Amino acid sequence: MNWDEWRAKARSQLIEGVAPAEAVWNDAPEFLFSVLERKPLEKPVIPKDFLEMGPLIAAAREPDRWNLLYRLVYRLNHESPHLLNIITDPDVKKAMDLVKSVRKDIHKMHAFVRFKKVDIDGQEGYVAWHKPEHLIMELGTPFFARRFGDKPWSIFSPDASAHWNMKELTFGAGMTEHEFNIEDEFDEVWKTYYKSIFNPARLNLKMMKQEMSPKYWSSMPETALIHELVREAPQRLQNMAAAPQVRADVPKNKSLAEMKDLAGKCKICPWAGQSTQTVFGEGNPEADFMIVGEQPGNDEDLNGQAFVGPAGKLLSEALQELGIRRESIYITNAVKHFKWTPSDDGKARIHKKPSGTDMHACKPWLEAEIAAVKPRVIIALGTTAATAILGRLVKINEYREKVITNNALAENIIVSWHPSAILRAFDQKDATEKLAQLKSDLAKALALSSSAVSSASIQI
Ligand code: URA
């Protein structure tokens, strides 16, 4: 049974008034009926929230899921249309837990699927094997059709497979890992990439296992490297310590205009030579409120101004909604050059996340801007900005909603979502939630910037 089949069946059961205890759902759609009192309904109502969570629950590897869905929809119709707001209700709680677990599994699929290049009758194709926790093939794979739409690919799992022929996505039978075993040069690419991002200073095997569960390791070529990297870590650390750390040399007591001029000539990082220009901050030089983003994107690089591309448009709209004029505040980035890599066809410049070295090299410019403007509140958008400002690896979820008050850079620091995280959100619900949170964080920063009192502050 799948979600659509369940929906059709559930609707007719609801109309007939079949109570949840009567309908026993299982994967082969069979029903055992008793003679409980029936409460027929002319027009069953299925709330939007339920329709959103239903397909995720239907994809959970949970034998009772069809019964749970029917109990919920029956109770929504007979008990309360607001049932889903009662998070202490055991059925609602179970449903929420399943939704969370399936969403997480889909995220992991997006992060951990590794394609291998294969030759199919002279045509280049890509295949991958992945073992998700839940039954998420249909929910998780449209992402790959959007991302890698210009190449044919198949993803196999023990339960099902997905196939993209550059026009449509179809689903078929699964395959064991043993049946699927292809070695190719892509493995080498992943290994090289992983080696380049592996930082021995952060070596923490326990964390690594949490982030990238060993159950996925067998299908990930780079994990073959883990033991080697762990063995080499002390030597690599020593080498890193010996290597000089580059950092922009910023003269003291310069005006913002003078600094902008000097930053325009800064060549301390390799991206200075790869980008069109330095994008320095701009806005009110006496602003109480400063926004710090990650780094200029393609549009910012071409225009020479921070936050003027798609992410900037989203930010500007949020600011406008809150009545904040861009000219009244100061907007800048943690890193001042656009770091990018060419797209496969060489036609576009694809954004690359700044590394710790990039942030370190550029930080003196950010510090100098903050020292000149002296904002009462800084709102750091996204991990890079938050990490550059707080000097530690920051996960937005963990720091949002806190006001950090003991940082030397500003009286109040708030961390929020980067607008790009909203543009790239997992789904519409995720985007709506993150946007609402960004707006509420901006409003909080605005309130703090115009009041000397900071409430609910914490020391970190
Ligand atoms: N993203 C950023 O972080 N900053 C910009 O200026 C544009 C996009």
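Predicted model: local features only at pLDDT ≥ 70, side-chain atom pairs only at ≥ 80, totals over all residues.
View 1. Because five of the five residues of β13 (residues 412-416) are buried, the strand is largely enclosed by the rest of the structure.

**View 2. Pairing of β11 with β13.** Strand β11 (residues 377-381) runs parallel to β13, and the two are joined over five bridges. Within this pair, Ile-379 stands opposite Ile-414 of β13.

View 3. Leaving aside residues up to four places away in sequence, Trp-164 touches Ala-145, Phe-148, Gly-149, Lys-151, Pro-152, Trp-153 and Leu-169. Ser-154 lies 10 residues from Trp-164 along the chain, and the C-alpha atoms of these two residues are separated by 6.2 Å.

**View 4. The second largest pocket, between domain 1 and domain 2.** This pocket holds about 540 Å³ of space. Both domain 1 (3-108) and domain 2 (113-173) contribute residues to its lining, so the pocket lies between them. Of the 21 lining residues, Met-1, Asn-2, Ala-58, Leu-135 and Glu-138 lie nearest the centre of the pocket. Two or more lining residues come from each of α1 (3-16), α2 (48-58), α3 (65-78), α5 (137-140) and β5 (169-173). The largest share, three residues, is given by α5. By residue class, the lining of the second largest pocket consists of 13 nonpolar, four polar and four charged residues.

**View 5. Buried residues of helix α2.** Phe-50, Met-53, Gly-54, Leu-56, Ile-57 and Ala-58 are the buried residues of α2. An α-helix has 3.6 residues a turn, so residues three or four places apart point the same way. The cover over the buried residues of α2 includes α1, α3, α4 (90-112) and α5. Helix α2 also gives two or more residues to the lining of the second largest pocket. Ala-58, buried in α2, is one of the lining residues nearest the centre of that pocket.

How values were computed:
Residues numbered from 1 in each chain as written. Heavy atoms only, no water. 1 Å grid on protein atoms, 1.4 Å probe; cavity = no way out; pocket = protein on both sides within 12 Å on 5 of 7 lines; lining within 4 Å. Points joined across faces, edges and corners; volume = space filled by probe spheres on them. Helix = DSSP H or I, 4+ residues; strand = E, 2+ residues; numbered from the N terminus. Nonpolar A, V, L, I, M, F, W, Y, C, P; charged D, E, K, R; others polar. Domains from an automatic or database assignment. Buried < 20%, exposed > 50% of the residue type's maximum accessible area, 1.4 Å probe, protein only. Contact = heavy atoms within 4.5 Å. Pairing = 2+ DSSP bridges.
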